[in-house]
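Where does this protein leave open space, and what lines it? Please look at the model below with those questions in mind.

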Amino acid sequence: MRMLLIHADYLEYEVRDKALKNPEPISDEQKKGRLDEVLAVFISVEKVDEANPDEVVEKAIAEIEDVAKQVKAERIFVYPFAHLSSELAKPGVALEILKKIEEKLREKGYEVKRAPFGYYKAFKLSCKGHPLAELSRTIVPEEGVSK
Ligand SMILES: NCC(=O)N[C@H]1[C@@H](O)[C@H](n2cnc3c(N)ncnc32)O[C@@H]1CO
């Protein structure tokens with residue numbers, strides 16, 4: 001799994017077109033979304049993650065929470081982003097992993113939104129620009145090392 005974490009004044013998106021034949025079904029309300037004072041987490045789920053999805057979810061949560069605490073972010077935007085890797089996991093597995101990350105972060109008390117899966121989306125992002133505002137992490141299952 002590859003993650004790009006951006007601490008932002010806001011992130012807003014608007015769904016444009018389908019990027020998959022069968023994208024995630026969404027309500028009209030989910031076609032647009034915005035969070036202010038947010039840690040935006042752009043995530044590419046990778047083929048290697050298919051070996052142990054639950055472990056990858058746990059490691060991702062740990063990394064995201066570590067950064068959220070450092071930048072004092074209470075809101076997290078989980079953003080499916082297929083552009084951080086050339087070894088992408090199958091859509092079905094990727095969506096399940098992203099949903100679990102969303103659910104577990106919410107259980108930990110964060111306000112969480114997840115952008116719709118399987119669509120092209122317009123988005124606006126206002127990065128805060130402080131030293132910890134732009135970070136990346138790589139997560140692999142089993143003995144993998146998070147960077
Ligand atoms: N920016 C627009 C976009 O990325 N759209 C992507 C994601 O929403 C989603 N997607 C498919 N596979 C994956 C994956 N392995 N990891 C994350 N998202 C995925 O499906 C779209 C087409 O790849």
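The second largest pocket is lined by Tyr-13, Glu-29, Gln-30, Lys-32, Gly-33, Glu-102, Arg-106, Val-112, Lys-113 and Arg-114, where a pocket is, on a 1 Å grid over the protein atoms alone, an open set of points where a 1.4 Å probe fits, with protein on both sides within 12 Å along at least five of seven lines, and lining residues have an atom within 4 Å of a point. Strand 2, helix 2 and strand 4 (111-114) each give two or more residues to this lining, and strand 4 provides the largest share, three residues; helices (H or I, at least four residues) and strands (E, at least two) are DSSP runs, numbered from the N terminus. By class, the lining of the second largest pocket divides into two nonpolar, two polar and six charged residues, with Ala, Val, Leu, Ile, Met, Phe, Trp, Tyr, Cys and Pro counted as nonpolar, Asp, Glu, Lys and Arg as charged, and the others, Gly among them, as polar. Its volume is about 170 Å³, a volume being the space filled by probe spheres set on the points, which are joined across faces, edges and corners.

This is a predicted model, in which local features need pLDDT of at least 70 and side-chain atom pairs count only at pLDDT 80 or more, while totals for chains, interfaces and linings use all residues. Residues are numbered from 1 along each chain as its sequence is written, and side-chain values use heavy atoms, with hydrogens and water left out.

The largest pocket has a volume of about 450 Å³ and is lined by 23 residues, of which Pro-80, Phe-81, Ala-82, His-83 and Gly-118 lie nearest its centre. Strand 2 (32-44), strand 3 (75-80), helix 2 (91-107) and strand 5 (119-127) each give two or more residues to that lining, and strand 5 gives the most, with four. Here the classes are 18 nonpolar, three polar and two charged residues.

The ligand sits in the largest pocket, in the sense that more than half of its atoms lie within 2 Å of the pocket's grid points.

Polar contacts are pairs of N or O atoms within 3.5 Å. An N or O atom in the side chain of His-83 is 3.0 Å from a nitrogen atom of the ligand, and a backbone N or O atom of Ala-89 lies 3.3 Å from a ligand nitrogen atom.

Note on methods: Polar contact = N/O pair within 3.5 Å; in protein donor to acceptor, adjacent residues only side chain to side chain.
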